[in-house]
Amino acid sequence: FVFEFQPAKGTAGEGSSLGDSLDLARFLSGDRLSDTKAKTVAWVPRSVKGHALLPILACEQIVMGRDAEIGAAGSGEKNAVDNALRDEYLHIAERRHTIPPAVALGLLDKELAVFKVTTIENMGVRYEASDALKKLREQGAVSKEETFFQPGDPHLITGQQMRESLFATHLAENRREL
């Protein structure tokens, strides 16, 4: 199933309902749909911000427009992003692993620092928040690190960046390309 995430003209989905977005994300990543062997693909031809990001995270594959952006999920929150909200994003990200959990949390919380880390042991790339990076440093497991999200920045990722980071499998600007 290909789900097209196309916000209303002039918007990027800001103000999307957390409850509705979470319900759809749970359905897309849940056992009921998984049992059908259906594959879920999120197509994001235009920018999506706010909690509309949750169902995108819940899909098995992401295809984006090159200049489309996702993120700023917590920008519509009246209060600070709390642990309950973080837990929901973490849970959905961990169900699919389309986007690493630390990156998903960074897309929610613009105050979170997220790092791209190369480990010595297997030369693998990981994305970690500050506390996990600190533990890796203490273990002497870090060969290279770079800031992926700087605290206070908008925490948006373009389709091109998603593709380069291997979070998006393809780029498609229109239905024909999709």
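Guide: Two strands pair if DSSP finds at least two bridges between them. Helices (H or I, at least four residues) and strands (E, at least two) are DSSP runs, numbered from the N terminus. This is a predicted model, in which local features need pLDDT of at least 70 and side-chain atom pairs count only at pLDDT 80 or more, whereas totals for chains, interfaces and linings use all residues. Residues are numbered from 1 along each chain as its sequence is written, and side-chain values use heavy atoms, with hydrogens and water left out.

Visitor: In what order do the four strands of the open sheet with parallel pairing stand?

Guide: Strands of a sheet pair through backbone hydrogen bonds, either parallel or antiparallel. Here the order is β1-β2-β4-β10, and the pairing is parallel. The edges are held by β1 (2-4) and β10 (170-171); each has a single partner strand, so one side of each is left without a neighbour in the sheet.

Visitor: Which way do the residues of β4 point?

Guide: In a regular strand the side chains alternate between the two faces of the sheet. In β4, Q61 and V63 point one way while I62 and M64 point the other way, and all are buried. Buried means under 20% relative accessible area, exposed over 50%, and partly exposed in between (1.4 Å probe, protein chains only).

Visitor: What order and pairing does the open sheet of three strands have?

Guide: Its order is β3-β5-β9, with mixed pairing. The edge strands, β3 (48-49) and β9, each pair on one side only. Strand β5 (residues 69-71) runs antiparallel to β9, with three bridges between them; E69 has T158 as its bridge partner in β9.

Visitor: With which strands does β6 pair?

Guide: Strand β6 (residues 114-119) pairs in the antiparallel sense with β7 (residues 125-129) over five bridges, and T118 has V125 as its bridge partner there. It also pairs in the antiparallel sense with β8, over six bridges, where V114 stands opposite F149. Five of the six residues of β6 are buried, so the strand is mostly covered.

Visitor: How does the span of helix α4 agree with what its 14 residues should give?

Guide: The expected span of a helix is 1.5 Å times one less than its number of residues. For α4 (residues 83-96) this should be 20 Å, and the end C-alpha atoms are 20 Å apart, which agrees. The buried residues of α4 are L85, Y89, I92, A93 and R96. Seen down the helix axis, these fall within an arc of 100°, so they line one face of α4; the arc is that of the directions from the helix axis to the C-beta atoms. The face turned away from the buried side carries the exposed residues N83 and A84.

Visitor: Are H97 and H155 buried or exposed?

Guide: H97, in the loop between α4 and α5 (101-108), counts as exposed at 54% relative accessibility. H155, in the loop between β8 and β9, counts as buried at 3% relative accessibility.

Visitor: What is to be noted about phi in H97 and H155?

Guide: Most residues other than glycine have a negative phi, and most peptide bonds are trans. In H97 phi is near 60°, a positive value in a residue other than glycine. H155 also has a positive phi, of about 60°, although it is not a glycine.

Visitor: Which residues line the second largest pocket?

Guide: On a 1 Å grid over the protein atoms alone, a pocket is an open set of points where a 1.4 Å probe fits, with protein on both sides within 12 Å along at least five of seven lines; lining residues have an atom within 4 Å of a point. The lining consists of K116, Y127, E146, T147, F148, F149, L156, I157, Q161, E164 and S165. Two or more of the lining residues come from each of β8 (142-149), β9 (156-158) and α7 (159-164), and β8 gives the most, with four.
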